[in-house]
Amino acid sequence: MKTIVILSPDTWGKMMLSKMHYAKTLAEEGNRVFFINPPRKESASKVWREEDNLTVVSLKERPLRIFSREKLKPLYRKIEKKYVKEIKRITGSIDELWCFNAFFISDIKFFGAAKTLLLVYDLYVPENLRKAAVQADGIVSVANEILNEFKEIQKPELLVHHGLAPAFEKMAKSISISQTLNQKIKIGYVGNLMRQSIDRTVFKHIINGHPDIEFHFWGPTEVIENNLITDHPEQEVTQFIEFLRGAANILLHGVKSPDELADGMPGMDAFLFLYDAKQDVNAGFNSHKLTEYLATGKTVISPYISRFDGSGLMIMDKKGSEDFTKYFDDHIEQIEEYNRPELQQKRITFALDNTYKKQVERIRAWMDTLI
């Protein structure tokens with residue numbers, strides 16, 4: 001039994017993110033896993049057992065921590081050491097450190113872990129992240145463009161896809177493949193509808209241009225249920241939501257649990273992935289929702305996504321058309337062809353090869369090669 005510490009930038013809660021899924025999977029394999037929430041002003045230090053082998057640790061915010069991170073680095077280094085001592089009093093000696101949050105503690109050598117991984121899912125590489133990369137034994141990411149940012153550090157690297165959560169794994173295993181389309185074509189989109197990087201202009205053109213298609217949206221449409229917006233959203237966002245509410249060919253399902261999503265998504269004929277890469281550069285590389293879409297077996301219509309280039313899994317605008325609306329129009333008529341049974345099976349097979357259990361196996365095999 002190994003002791004594994006996961007440093008997370010996200011607090012353990014109802015919304016299960018990749019860090020939580022990795023924690024649960026590692027615990028299910030029999031490891032002692034400690035999931036470290038980032039410090040929060042409203043939190044008191046607290047430790048609780050989430051389930052067998054999985055302990056969640058909440059840390060209280062220390063005075064001057066955030067201020068000193070940029071302004072008084074010697075002080076921040078002392079604060080880091082205090083947090084590490086507090087964590088190690090709970091965990092004991094550490095076999096593996098899986099660091100998703102080098103913004104909290106960049107001097108990851110303080111943990112004294114036998115092996116340390118830096119997991120980077122965003123193309124944002126400030127000084128503290130580079131510092132952690134130098135101290136890590138290896139770097140894991142979901143896009144080559146992100147790994148390229150660390151090339152000069154010359155550390156072992158592992159490229160993976162986003163993991164498939166258990167609800168979608170169960171969905172993928174239960175799907176009965178059929179090439180028959182719905183009487184009215186159904187296009188699905190899952191995600192936060194108030195996210196700034198959605199290409200709303202193209203979305204509106206596609207929806208208005210295809211009154212014969214039924215568009216299904218799953219995701220937050222209100223500030224009250226939103227994990228991204230804590231204040232009043234911009235007028236463009238609220239206007240987009242009102243447009244969706246008023247369109248005759250739109251069904252807004254709101255926020256649903258993974259099980260509810262897995263129940264509704266297989267009824268779609270295709271899915272849209274439509275981010276403006278100028279506003280969300282990661283959207284041009286990879287996204288966890290793509291693995292979930294592909295788990296249905298149905299095709300995805302998308303601008304260029306480098307991680308899926310050459311995969312044959314999606315209808316992807318590799319040339320980067322200036323007018324994606326036209327690209328959609330040109331390809332929507334071929335949906336039945338893109339959903340041939342053998343292509344649906346290829347997508348499902350891909351998704352099931354990227355469950356969190358499979359990803360952990362992949363990472364562990366790679367870790368065994370690290371000196």
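**Close-ups of a predicted model**

**View 1. Arg 62 and Glu 86 join their side chains in a salt bridge, N to O at 3.2 Å.** Keep in mind for this and every other view that the model is predicted. Arg 62 sits in the loop between strand E4 (54-58) and helix H2 (65-71), while Glu 86 belongs to helix H3, so this pair ties together parts that are 24 residues apart in sequence. How accessible are the two partners, Arg 62 and Glu 86? Arg 62 comes out as partly exposed, at 26% relative accessibility. Glu 86, at 13%, counts as buried, because the cut-off for buried is under 20% relative accessible area.

**View 2. Lys 24 and Glu 51 make a salt bridge with their closest N and O atoms 2.7 Å apart.** Here a helix meets a strand: Lys 24 is in helix H1 (residues 18-28) and Glu 51 is in strand E3 (residues 46-51), so the contact ties together parts that lie 27 residues apart in sequence. Both ends are partly exposed, with a relative accessible area of 23% for Lys 24 and 25% for Glu 51.

**View 3. Glu 342 pairs with Arg 340 in another salt bridge, and again the closest N and O atoms are 2.7 Å apart.** Glu 342 has 46% relative accessibility and is classed as partly exposed. Arg 340 is partly exposed too, with a relative accessible area of 25%. Elsewhere, salt bridges that share partners link Lys 2, Glu 29, Glu 96 and Arg 364 into one network. How many salt bridges does a search of the whole structure find? The count is 21.

**View 4. Eight strands line up as an open sheet with mixed pairing.** Read across the sheet, the order goes E3-E4-E2-E1-E5-E6-E7-E8. Which strands stand at the edges? They are E3 and strand E8 (157-159); each has a single partner strand, so one side of each has no neighbour in the sheet. Going from one strand to the next, the twist averages 20°.

**View 5. Strands E6 (residues 115-120) and E7 (residues 138-141) run parallel and are joined by four bridges.** For Val 120, the bridge partner in E7 is Ser 141. Which way do the E7 residues point? Gly 138 and Val 140 point one way, Ile 139 and Ser 141 the other way, and all of them are buried.

View 6. Leu 75 has 30% relative accessibility and so counts as partly exposed.

Methods:
Residues numbered from 1 in each chain as written. Predicted model: local features only at pLDDT ≥ 70, side-chain atom pairs only at ≥ 80, totals over all residues. Heavy atoms only, no water. Buried < 20%, exposed > 50% of the residue type's maximum accessible area, 1.4 Å probe, protein only. Salt bridge = Lys/Arg side-chain N within 4 Å of Asp/Glu carboxyl O. Helix = DSSP H or I, 4+ residues; strand = E, 2+ residues; numbered from the N terminus. Pairing = 2+ DSSP bridges. Axes fitted to C-alpha atoms, helices over the stretch in contact; angles between N-to-C directions.
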